[in-house]
Amino acid sequence: MSASRSDEPPRAWQRMLSGRRLNLLDPSPLDVEISDIAHGLARVARWNGQTYGDHAFSVAEHSLIVEDIALSLKPDISPDWRLAILLHDAPEYVIGDMISPFKTVIGEAYKAVEHRLQGAIHLRFGLPAEMPQTIKKLCKRADIICAYFEAVELAGFEDKEAAKIFGRPRGYPADEDGKLRYGLKPLPVAKAEILFMERFELIEALREAGKKPKTGRASR
């Protein structure tokens, strides 16, 4: 007698537009495609969509700004770590952007899934499974700075409240009212996806250039 559908294990994979099927229980780097990541992150809203503007502020756009901020904090950061920072929220193309309070409610289960996905993503693009502590701290600092600006410019937070939660960023000029602003503007989905892909390709070109042996004039 054949097994009924109810006897089959629950499906734990997601089909991507590239045709890949990514298993969330055991994600394979072979099933990770940058086109799927860019497409997904451009459609995932930060702050659960509770932001001003005609468009959601996407995780793709957030990732671009975090990488910009990290580069401004450490201009000599290597292309490898620039890519790791660009991809710091890449698992959210599968699991979505869960706000910090909800992560607190879920606890370790969320972190385990996120960690498996991040590891597969890093392996896919030739990055170490874990970032060094110095790069983790740089990424976290850039992420928090970006979150502050998102909070006050897009999510309706008062400066004082945002500063209490995220800290007030240093090194950014204040406007005439004494408020710090980054100038965030939520982008249409297609634009955010294109810009994310362009940044990825730029960093990949820098990584490839760094791998080429330097040639010099042969001595006579």
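**Reading a predicted model**

Of the chain's 220 residues, 40% count as buried. The model is predicted.

Reader: What makes a residue count as buried here?
Author: Its relative accessible area is under 20%. By that cut-off, 40% of the 220 residues are buried.

Reader: Which elements does the chain have, and how do they run?
Author: There are nine helices and two strands. From the N terminus on, the order is β-β-α-α-α-α-α-α-α-α-α. The C-alpha atoms fill a box of roughly 75 × 70 × 35 Å along the principal axes.

Reader: Why is Leu 17 called exposed?
Author: Exposed means over 50% relative accessible area. Leu 17 has 66% relative accessibility, so it counts as exposed. Leu 17 lies in the loop between β1 (13-15) and β2 (21-23). Its C-alpha atom is 18 Å from that of Val 59, a residue 42 positions away along the chain.

Reader: What makes Phe 102 part of a surface patch?
Author: Patch residues need over 30% relative accessible area. Phe 102 is at 42%. With Val 105 and Ile 106, Phe 102 forms a nonpolar patch of about 270 Å² accessible area together.

Reader: Why are α7 and α8 called roughly antiparallel?
Author: Angles over 145 degrees count as roughly antiparallel. Helix α7 (residues 133-153) and helix α8 (residues 159-166) pack at about 160°. They are therefore roughly antiparallel to each other. Their axes are 9 Å apart, and α7 passes α8 in a right-handed crossing.

Notes: Residues are numbered from 1 along each chain as its sequence is written. This is a predicted model: local features need pLDDT of at least 70, side-chain atom pairs count only at pLDDT 80 or more; totals for chains, interfaces and linings use all residues. Side-chain values use heavy atoms; hydrogens and water are left out. Patches are made of residues with over 30% relative accessible area and no salt bridge: like charges are joined within 9 Å, nonpolar side chains (Val, Leu, Ile, Met, Phe, Trp, Tyr) within 5 Å. Accessible areas come from the Shrake-Rupley method with a 1.4 Å probe; for residues, only the protein chains shown count as cover. A salt bridge is a side-chain nitrogen of Lys or Arg within 4 Å of a carboxyl oxygen of Asp or Glu. Buried means under 20% relative accessible area, exposed over 50%, partly exposed in between (1.4 Å probe, protein chains only). Axes are lines fitted to C-alpha atoms, for helices over the stretch in contact, and angles run from 0 to 180 degrees between N-to-C directions. Helices (H or I, at least four residues) and strands (E, at least two) are DSSP runs, numbered from the N terminus. Angles under 35 degrees count as roughly parallel, over 145 as roughly antiparallel, 65 to 115 as roughly perpendicular and the rest as oblique. A crossing is left-handed if the near helix is turned anticlockwise from the far one by less than a right angle, and right-handed if clockwise.
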